[in-house]
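Please read through the model below with the text beside it.

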Protein chains: 2
Amino acid sequence: MSCIPRLTIMLRACGYRMTSQRHAILQALHDGGHLSPAQIYQRVESTGMTEATVYRTLEFLAENGILLVADRGNGHLAYELSGESHHHIICRTCGAQMEVDPALLAPAISQMESETGYHLNAGHLTFFGLCPLCKQKPQERA
Amino acid sequence: MSCIPRLTIMLRACGYRMTSQRHAILQALHDGGHLSPAQIYQRVESTGMTEATVYRTLEFLAENGILLVADRGNGHLAYELSGESHHHIICRTCGAQMEVDPALLAPAISQMESETGYHLNAGHLTFFGLCPLCKQKPQERA
DNA sequence: TTCCTTATTGATAAAATTATCAATAAGGAA
DNA sequence: TTCCTTATTGATAATTTTATCAATAAGGAA
């Protein structure tokens, strides 16, 4: 909501344009948080937007750092507004998720930067493992 | 090559089976390293295997921790044998890649484990940023 | 405002990925 | 070895994602 004008200016500065479609998708992500392409399409379908446009727009916004892409662990990707940076841990057995404070990775990232010479902009990382409960239980088949 | 018998035993212990298709895909990844589903299919096509089987097998092997999935940054996923754990940095501008020693993340991971109670098994993480060259150049449009 | 350039979209087709289900074959038991 | 159970595959259809290209509309200039 309040960030649309700022993004509009940012896009124009690069020669891009703010369209009603991009606006609607950003709004959907603002309201919905973590969403898959299909979920986003559901929320903007009423505007008459095409699915192709949804995919194109998501790719465009992600390339420009406005959205973050996260691996959901099921082979599919989810999108979210960047800015509220955080990471996820997903339990391989029961699927439980929890957020991880990005500050935890800050030291490792700055060390990587000094060793590689790259400048890293933290994306959304997904870690996989076993949650406290599944760690105890005898590993039952999925 | 040398790890197939070990994996066969591991699978059987879980009630799964080692098939010629799984064998061929593991061999392709052993030879090829990082491969997309399409690249893998090319390498095993001569066996008469179906594309559906390739996707199914990759998902199966990844679920069982035999393969790691990595986000290639283009919205698609790549697969590799787990075991040779490492991470990647990809430059957002020119696409340059470099490997990162997983030891760099070890402290952060153990801290995450103690704070969350999860047991993490390191997957293949992909970090995005700017390589030393692109960091200097005025950001040119892709 | 009106005009103009061109980034963006919709429509459509193509390609990639997943789901369904009967036929096959892995591997344990006898 | 032969038989049996059932995990796995192939064939096929359905769904998701991407590519192509002409039509539209954002937004700068006059």
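Which helix gives the most to the surface near DNA strand D? Helix 4 of chain A does, with three residues. This is a predicted model. Helix 4 of chain A, helix 2 of chain B and helix 4 of chain B each supply at least two residues of that surface. There are 20 residues around DNA strand D, and those that come nearest are Arg12(A), Tyr55(A), Thr19(B), Arg22(B) and Thr53(B).

Some of the individual contacts can be described by distance. In the side chain of Arg12(A), an N or O atom is 2.9 Å from a phosphate oxygen of DNA strand D. Arg17(A) reaches a base: one of its polar side-chain atoms lies 3.1 Å from a base nitrogen of DNA strand D. Taking the atoms of DNA strand D within 4 Å of the protein, 72% belong to sugar or phosphate, and the rest belong to bases.

Next come the aromatic rings. A pair of aromatic rings is described by the distance of the centres and the angle of the planes. Over all chains, the structure holds two aromatic pairs. In chain A, the ring centres of Tyr16(A) and Phe60(A) are 4.9 Å apart and the planes are at 90°, so this pair is edge-to-face. Tyr16(A) is in the loop between helix 1 and helix 2 of chain A, while Phe60(A) is in helix 4 of chain A, 44 residues apart, and the pair links these distant parts of the chain. Phe60(A) counts as buried because its relative accessibility is 11%, under the 20% cut-off. The charged end of Arg22(A) sits over the ring of Phe60(A), 3.8 Å from its centre.

The other pair is in chain B. The rings of Tyr16(B) and Phe60(B) have centres 4.9 Å apart and planes at 90°, so they are edge-to-face. Phe60(B) is buried, with a relative accessible area of 12%, whereas Tyr16(B), at 21% relative accessibility, counts as partly exposed. Arg22(B) lies over the face of Phe60(B), at 3.8 Å from the ring centre.

The largest nonpolar core has 30 residues, and Phe127(A) and Phe127(B) touch the most other members. Strand 3, helix 5 and strand 6 of chain A, and strand 3, helix 5 and strand 6 of chain B, each give two or more residues to this core. Phe127(A) touches residues of both chains, including Ile89(A), Leu105(A), Ile109(B) and Met112(B). Apart from this core lies another, of 23 residues, among them Ile4(A), Tyr41(A), Leu58(A) and Leu61(A).

Notes:
Residues numbered from 1 in each chain as written. Chains lettered and ligands numbered in written order. Predicted model: local features only at pLDDT ≥ 70, side-chain atom pairs only at ≥ 80, totals over all residues. Heavy atoms only, no water. Phe/Tyr/Trp six-rings, centres within 6.5 Å; stacked < 30°, edge-to-face > 60°. Helix = DSSP H or I, 4+ residues; strand = E, 2+ residues; numbered from the N terminus. Buried < 20%, exposed > 50% of the residue type's maximum accessible area, 1.4 Å probe, protein only. Lys NZ or Arg CZ within 6 Å of the ring centre and 35° of its normal. Core = buried A, V, L, I, M, F, W, Y, C linked by side-chain atoms within 4.5 Å. Contact = heavy atoms within 4.5 Å. Near = heavy atom within 4 Å. Polar contact = N/O pair within 3.5 Å; in protein donor to acceptor, adjacent residues only side chain to side chain. Lists of a residue's contacts leave out its neighbours within four places in sequence.
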